[in-house]
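Please keep the sequence and the structure in view while reading.

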Amino acid sequence: FFLSVLVSISLAVMNLILAVIVERANEAHATSAKQEAEHKEKEFTEASFRLLEICYEMDLDGSGSISFPELLHGYRTNKEFADIMTAMDIAELDLEVVFSMLDHDGV
């Protein structure tokens, strides 16, 4: 009888310890995932601002909008812009399609 009680109590204590370890691991994972999401959001915001700066640089006539020739010129002369487009799998031949999708006023 004593041995069965001792085994039961030992199993219950080990189960409790395991539950605490698993809970701590889940908390650490949730914290890590939250930090990773915040980091990705920060990177996205910084990249968005940098792309906006590049677009201002590509606006050669200072009109506040980029024409297709300006976009094409920017792709050919601005390595950083070309690298961003390449990272998004957009080749020079695709620029006309991308421009038509982004051109909200048809000009």
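**From one methionine to the whole model**

Leaving aside residues up to four places away in sequence, M85 touches Y75, I90 and L95. The model is a predicted one, and M85 is found in its helix α3. M85 counts as buried because its relative accessibility is 6%, and the cut-off for that class is under 20%. A view of the chain's extent comes from pairing M85 with A19: these residues are 66 apart along the chain, and their C-alpha atoms are separated by 48 Å.

The largest nonpolar core has 12 residues in all, namely I54, M58, L71, L72, Y75, F81, A82, M85, I90, L95, V98 and F99. At least two residues of this core come from each of α1, α2 (68–77), α3 (79–87) and α4 (95–102).

Helix α3 may be taken next. Its buried residues are F81, A82 and M85. These three lie on the same side of α3 because the arc they cover around the axis is only 100°.

Which residues of α4 are buried? They are L95, V98 and F99. Around the axis of α4 they span an arc of only 100°, and they therefore sit on the same side of that helix. The face turned away from the buried side of α4 carries the exposed residues E96, V97 and M101. Among the elements that cover the buried residues of α4 are α2 and α3.

Although D89 is not a glycine, it has a positive phi of about 60°. Is D89 buried or exposed? With a relative accessibility of 67%, D89 counts as exposed, since that class begins at values over 50%.

The structure holds 5 salt bridges. In one of them, the side chains of R50 and E53 meet at 2.9 Å, N to O. R50 and E53 are 3 residues apart in helix α1, and so about one helical turn separates them. E53 is partly exposed, its relative accessibility being 43%. R50 is likewise classed as partly exposed, because its relative accessible area is 26%.

R50 also forms a salt bridge with E80, and here the closest N and O atoms are 2.7 Å apart. Because R50 lies in helix α1 and E80 in helix α3, this pair ties together parts that are 30 residues apart in sequence. E80 is partly exposed, with 35% relative accessible area.

A further salt bridge joins R76 and E92, whose closest N and O atoms are 2.7 Å apart. R76 lies in helix α2 and E92 in the loop between α3 and α4, so the pair ties together parts that are 16 residues apart in sequence. R76 counts as exposed because its relative accessible area is 56%, whereas E92 is partly exposed at 31%. Elsewhere, salt bridges that share partners join R50, E53, E57 and E80 into one network.

The last stop is helix α1, which comprises residues 2–58 and includes I9. I9 is one member of a nonpolar patch on the surface, formed together with F1, V5, V13, I17, L18, I21 and V22. Together, the residues of this patch have about 800 Å² of accessible area.

Methods:
Residues numbered from 1 in each chain as written. Predicted model: local features only at pLDDT ≥ 70, side-chain atom pairs only at ≥ 80, totals over all residues. Heavy atoms only, no water. Patch = residues over 30% accessible without salt bridge, like charges linked within 9 Å, V, L, I, M, F, W, Y side chains within 5 Å. Areas by Shrake-Rupley, 256 points an atom, 1.4 Å probe, with all protein chains shown as cover. Salt bridge = Lys/Arg side-chain N within 4 Å of Asp/Glu carboxyl O. Helix = DSSP H or I, 4+ residues; strand = E, 2+ residues; numbered from the N terminus. Core = buried A, V, L, I, M, F, W, Y, C linked by side-chain atoms within 4.5 Å. Buried < 20%, exposed > 50% of the residue type's maximum accessible area, 1.4 Å probe, protein only. Arc of directions from axis to C-beta. Contact = heavy atoms within 4.5 Å.
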